[in-house]
Amino acid sequence: MYHTFGWAWAGLVFPSMGIMFGLAGTLMAKSLERPALKVVRSRIRRLLPPFWFWGVFVVVAMLVHGWMPGPQIVYWVVPLGDPPGNAWGEQAWEILWYLRTYLWFVLLSPLLLRVFRLAPVLVLLASLAPIVVFQFWWRPPDDRFGTGLLDLATYLFCWLAGFAHRDGVPRRLKPVAVVPLALAALAYGAWYAFAHRAEYGTYDLDDIPLAQAFWSAGFVTLLMYSKERLGLDLAGLSRFPRLDRLVTVFNARAMTVYLWHELALILAVPLIDQFWKVPAFEVYLPLASQWFLFGIGWVLIAVSVVACGWVEDVAARRRPRLLP
């Protein structure tokens, strides 16, 4: 919805990237109960084949549209930095910052988890320090290295909050020690976004790393604390078979949905252009509506899940299936 409508307020209502990193941190901490090297290798193996498969289509399309690659094309093999591309394909490859950041968190997790367990609460609080330093004292360079550092700093708290959730840290903390700090982080993130709206040209958290870091930190903290202390979760929805089935498919095809959703939106535009040539469609369908684009995008995502999702099964060393 965010990539279709571009709603600046969407990140305030639901900071999806912060939540994704928080959940990923929880799962990573659970996985690291096994040997670290084996876990890291498994995560990389499950990440790269879907990325390579998707990347072939994007790279070939950019080459056809005049892209001249250089040595940085190596980042299309292992995305330790942002893979290069041309302006024509930017809408497709700009989402790869998440894969790059996730990959670095995976590589750093054995060390991060060891440091976190030395003093969980202190390390968690201190994890917001890097983004503050980058904002007020030292700006990272405007290159792959600097961008990577900034994204790691932005979501470091959320990843470590996932560690805390897995280790049961919130369960040991009283509400008076958690809720005020979480609300303060939310308040500061929102204030900074709106107070610097003129500077950034928007209050969209995706464009304001400091605001994103604090808002996501407060939101993820309250979300996980509510789960631990109050037992609030969505587990009861598993009683509905169709919804449970849908969640199962999304879980097993998360990489496919993430990688292909922007391409789905890109391809939906010329597809809708063809609809205009059919008089009945022009009269009876809301072809100019963004909601129609949104619907067509989901149809194309469903097609990509069926046509390309099997790569995730191969990466996970499972028997390939059209639908899990």
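Which residues in H14 meet which residues in H16? What you see is a predicted model, in which local features need pLDDT of at least 70 and side-chain atom pairs count only at pLDDT 80 or more, while totals for chains, interfaces and linings use all residues. Residues are numbered from 1 along each chain as its sequence is written, and side-chain values use heavy atoms, with hydrogens and water left out.

Find helix H14 (residues 254–275) and helix H16 (residues 290–308). Helices here are DSSP runs of H or I with at least four residues, numbered from the N terminus. On the H14 side, the residues in contact (heavy atoms within 4.5 Å) are Thr-256, Val-257, Trp-260, His-261, Ala-264, Leu-265, Leu-267, Ala-268, Val-269, Leu-271, Ile-272 and Phe-275. They meet Phe-292, Leu-293, Ile-296, Gly-297, Leu-300, Ile-301, Ser-304, Val-305 and Cys-308 in H16. Sorted by class, this contact has 17 nonpolar, four polar and no charged residues. In this sorting, Ala, Val, Leu, Ile, Met, Phe, Trp, Tyr, Cys and Pro are nonpolar, Asp, Glu, Lys and Arg are charged, and the others, Gly among them, are polar.

How do the two helices lie? H14 and H16 pack at an angle of about 125°, with their axes 7 Å apart. The axes are lines fitted to C-alpha atoms over the stretch in contact, and angles run from 0 to 180 degrees between N-to-C directions. H14 is therefore oblique to H16, the name for angles that are not under 35 degrees (roughly parallel), over 145 (roughly antiparallel) or 65 to 115 (roughly perpendicular).

Now for the charged pairs. A salt bridge is a side-chain nitrogen of Lys or Arg within 4 Å of a carboxyl oxygen of Asp or Glu, and by this rule there are seven. In one of them, Asp-151 pairs with Arg-100, their closest N and O atoms being 2.8 Å apart. Asp-151 belongs to helix H9 (residues 144–167) and Arg-100 to helix H6 (residues 97–116), so this pair ties together parts that are 51 residues apart in sequence. Both Asp-151 and Arg-100 are buried; buried means under 20% relative accessible area, exposed over 50%, and partly exposed in between (1.4 Å probe, protein chains only). Asp-82 joins Arg-100 and Asp-151 in a network of salt bridges.

Another salt bridge joins Asp-313 and Arg-318 (3.0 Å, N to O). Here Asp-313 is buried, at 0% relative accessible area, whereas Arg-318 is partly exposed at 32%.
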